[in-house]
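Please keep the sequence and the structure in view while going through them.

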Amino acid sequence: MKQSHLFTKTRKDAPKDEVAKNAQLLIRAGYVHKEMAGVYSFLPLGLKVIENIKTIVREEMNKIGGQELSLPALQDKNLWEKTGRWDDKVVDNWFKTKIANGTETGLGLSHEEPLTNLVAGYVSSYKDLPFSAYQFQTKFRNEMRAKSGLMRGREFLMKDMYSFSATEEQHLEAFKKAREAYVTVFKRVGLGEITYVTQASGGVFSNELSEEFQTISDAGEDVIYVKDDMTAANDEVLADERVVGMGFSKNLSEKKSIEVGNIFHLGTKYSDALGLKFKTDTAEEKSVIMGCYGIGIGRLMGTIVEALSDENGIIWPESVAPFKAHLLCLAPDDENVKMLADDIYRELEGNVLYDDREHARGGEKFADADLMGMPYQIIVGKKSHQDAIEVKHRKTGKVETKSMSEIIEWLQSK
């Protein structure tokens, strides 16, 4: 993509009311636009990052047998009343409204109820189990104080998966596979070395302990106590005997962190309430055992920015970057420089963002490239020729000299 064709532009300053680093950088770099507190539009480059994250998550969910579907945002009040979660005293962050005929409805904050109800129409026998279903879907939560940029929004994109099992053994196997898949996801998006599997409360979802995936960051809202084996416990559950029995205490290293994912044991809470039953091989009727597995896609994008940026801007991992490299033409008025840059772009069009702007100075192009955070910068200036083109690594600042053919082969292999 040619940068001159982007309708979005970089900005020197973020909105004055935006204090979170992730939102400041993403707005300045032209990835998102703030509509109101807790609500962001994803611009062309930002959407490419979101889609890359979704692809990684989708691949890992499919590997463990997840089946993708899509459920509606509008919610049936009657379903949620059956589980007790329509009551504002139980769940206090609903967006509720009425449709034209006066029927009260809500905008989905989670999807245990509708999916459990849906599945009840297809499951009747133990032979129908186990399986898992997941979706990428916009959620709505009426947060009293939306803050921290993409970390805590009123409207946000989530991947939520639900497992359905006939036995506890089946459920624990599904839970284990989901945990392993999540570890892989966070490694693939560049956060593996600073993300801990964390014991936590089940909250309004479950009476069982849950497991959160917490990424170490000074911008985090949570406090965790970590072990050397990449496990941790949330400060909120340290008094729980089960957590103490696992060796967690305040004597361990204390860290601030961002919750980037969670997995819950739901048991039969929702299947009991909504009539999701199956018959065993002896014709005994039992409730289906469920699990829930969530990743906030936008929050994960924001966490990557919080954890991996520097004083100059964003540093995208290759796996989620909108483009592998930023191609900088430093002398567009020089015919030879422009021709060389154009030749590289023709070969790598899908892999590079080409800063072909005619009236931007070299310093501005370098500053924008650092701010926007592509993993590599291909620098074409007056001293460049086909056998000597500089390539800068955004993360380390290391500069290498490669030939045009080497650059093309190298980036096309990524």
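1. W80, W86 and W94 are linked into a cluster by ring pairs. Here rings of Phe, Tyr and Trp (its six-membered ring) pair if their centres lie within 6.5 Å; planes under 30 degrees apart count as stacked, over 60 as edge-to-face and the rest as tilted. The structure holds 11 aromatic pairs. One of them joins W86 and W94, with ring centres 4.8 Å apart and planes at 55°, so this pair is tilted. W86 and W94 are both buried, where buried means under 20% relative accessible area, exposed over 50%, and partly exposed in between (1.4 Å probe, protein chains only).

2. The model is a predicted one: local features need pLDDT of at least 70, side-chain atom pairs count only at pLDDT 80 or more, and totals for chains, interfaces and linings use all residues. Residues are numbered from 1 along each chain as its sequence is written, and side-chain values use heavy atoms, with hydrogens and water left out.

3. A further aromatic pair deserves attention. The ring centres of F175 and Y293 are 5.9 Å apart and the planes stand at 55°, so the pair is tilted. It links distant parts of the chain, since F175 belongs to helix α5 (residues 168-188) and Y293 to strand β16 (residues 289-296), 118 residues apart. Helices (H or I, at least four residues) and strands (E, at least two) are DSSP runs, numbered from the N terminus. Both F175 and Y293 are buried.

4. What is the order of the strands in the open sheet of 5 strands? The order is β18-β17-β19-β20-β21, and the pairing is mixed. Two strands pair if DSSP finds at least two bridges between them. At the edges are β18 (352-355) and β21 (399-402), each of which pairs on one side only. From one strand to the next, the twist averages 25°. Within this sheet, strand β17 (residues 325-329) runs parallel to strand β19 (residues 376-380), and 5 bridges join them. L327 stands opposite I378 of β19.

5. Helix α10 (residues 362-372) lies across β17, β18, β19 and β20 (389-393), and runs at about 175° to β17. For such angles, axes are lines fitted to C-alpha atoms, for helices over the stretch in contact, and angles run from 0 to 180 degrees between N-to-C directions. The buried residues in α10 include K365, D368, A369, D370, L371 and M372. The cover over the buried residues of α10 includes α1 (21-28), α2, β17, β18, β19 and β20, contact meaning heavy atoms within 4.5 Å. Just after α10, G373 takes a positive phi of about 80°.

6. Does the span of helix α2 (residues 44-63) agree or disagree with its number of residues? At 1.5 Å a residue, its 20 residues should span 28 Å, and the end C-alpha atoms are 29 Å apart, which agrees. The expected span is 1.5 Å times one less than the number of residues. Among the buried residues of α2 are L45, V49, I53, I56 and E60.

7. Strands β5 (residues 95-98) and β6 (residues 104-107) run antiparallel and are joined by 4 bridges. T97 has T105 as its bridge partner in β6. The hairpin of β5 and β6 has 5 residues between the strands, and G102 takes a positive phi near 95° in this hairpin.

8. Most residues other than glycine have a negative phi, and most peptide bonds are trans. M230 has a positive phi of about 65° although it is not a glycine; M230 is found in the loop between β11 (222-226) and β12 (231-234) and is partly exposed, with a relative accessible area of 28%. A283, also not a glycine, has a positive phi near 70°. A283 lies in the loop between β14 (277-279) and β15 (285-287) and is exposed, with a relative accessible area of 54%. The peptide bond from L129 to P130 is cis, with omega near 0°, and P130 lies in the loop between α4 (112-119) and β7 (131-140).

9. How many disulfides does a search of the whole structure find? The search finds 0 disulfides, a disulfide being a pair of cysteine sulfur atoms within 2.5 Å. C292 is buried, with a relative accessible area of 5%, and C329 is buried at 0%.
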